[in-house]
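Biologist: I am new to this model. Please show me how to read the contact between two chains.

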There are 2 protein chains.
Amino acid sequence: MAETIEVVPLGKALRLLNHGPTTLVSAAHGGRGNVMAAAWVMPLDFEPPKVLAVIAGGTFTRGLIEASGEFALNLPPVAMRDAVMAVGSASGHEVPDKFARFDLRTFPSEKIGALLVEGCVGWLECRVIREERNEREYDLFIAEVVAARADTRVFRDGRWCFEEAPDELRTLHHVAGGNFFATGKSVRVGA
Amino acid sequence: MAETIEVVPLGKALRLLNHGPTTLVSAAHGGRGNVMAAAWVMPLDFEPPKVLAVIAGGTFTRGLIEASGEFALNLPPVAMRDAVMAVGSASGHEVPDKFARFDLRTFPSEKIGALLVEGCVGWLECRVIREERNEREYDLFIAEVVAARADTRVFRDGRWCFEEAPDELRTLHHVAGGNFFATGKSVRVGA
């Protein structure tokens, strides 16, 4: 785990997600772990912090989430774009260990069982609030954020500070297929 | 309505939202219209296209959405950052006509009653799929996209093309308070 990683207070955890970055979702259960790409993830509520994630039925990660009631959201930067595409294209049903297959190093969560992906710049550990109708009808999961960390090179004092770091550390926004946007310039109201 | 606005086929409508831009939500009912800012909006499903939107209880727009079962998502560009902040800070309970108060020109929707905001670069017209528990417990609305349009200066053939237009036409990603990021550079896998 990089020395630049620090805990993000739960009151600031949603700042990691507010601008709409794409995520890697990791989960674990019964000795198996997996990771997939998910762009449809966003905050739901501040206190306690909650998130929404659309997790397609039939994915291996979905099964791990349903069994464990937990998942982690990892925020990959531009430098990891190829890995995002790779884990998003392969299924844990066919690749027994996607972490190993795609050379993804991991480190432990603080509060949940899922592994966190090294090289990402933010991490949210989440416990599912079961809403069976949403899960069944819409592949939609609601979860409470129970721990968060970020890479202080780009997130400090509760805010992203991409301007002071290499562009390779900016977060990604998914467009379609292998196309993303990097998070761009800061824009302030009245400026 | 600007001459550069064209219909986006429903099969491509979610491309407008996939990268996580902030939105202006407009709604109308019984002769009253209103507009508010909402950052917590994302796609939910492709076929038919559906979206999720978190619309806080007590907002005037929420009442209009509940009464009409409809809302529009307008995607403001960098050039409209001050207007986004203004409509996000004032309430329709106190300002009878936010469009007039903040000099926002509008044009009609195709399929719903809400007005669309000129100067935005994408518009999705949505009909609510009533899920009362989500609305009550989580301020969460599910809706089907029934029509979409975009400004062809920045969205053509089903994809954003910000590189060829002024930076003022890039979409916004909300951080907190009056801080946003502009949508940044294109990033392609394998490049």
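**Reading the contact**

Modeller: The contact draws 42 residues from chain A and 42 residues from chain B. Keep in mind that this is a predicted model.

Biologist: Which elements give two or more residues to the side of chain B that touches chain A?

Modeller: In chain B they are the helices α2 (81-89) and α4 (132-138), along with the strands β4 (41-45), β5 (50-54), β10 (140-151), β12 (159-160), β13 (172-176) and β14 (179-188).

Biologist: Which of them gives the largest share?

Modeller: That is β14(B), with ten residues.

Biologist: How do the residues on this side of chain B divide into nonpolar, polar and charged?

Modeller: There are 22 nonpolar residues, twelve polar and eight charged.

Biologist: In which sense do β14 of chain A and β14(B) pair?

Modeller: The two strands pair in the antiparallel sense, over seven bridges. Within this pairing, look for Thr183(A): opposite it stands Thr183(B) in β14(B).

Biologist: How do I read the relation between the two copies?

Modeller: Start with the general idea. Two copies of a chain are related by a rotation about an axis and a shift along it.

Conventions:
Residues are numbered from 1 along each chain as its sequence is written. Chains are lettered from A and ligands numbered from 1 in the order in which they are written. This is a predicted model: local features need pLDDT of at least 70, side-chain atom pairs count only at pLDDT 80 or more; totals for chains, interfaces and linings use all residues. Two residues are in contact if their C-beta atoms, placed from the backbone, lie within 7 Å. Helices (H or I, at least four residues) and strands (E, at least two) are DSSP runs, numbered from the N terminus. Ala, Val, Leu, Ile, Met, Phe, Trp, Tyr, Cys and Pro count as nonpolar, Asp, Glu, Lys and Arg as charged, and the others, Gly among them, as polar. Two strands pair if DSSP finds at least two bridges between them.
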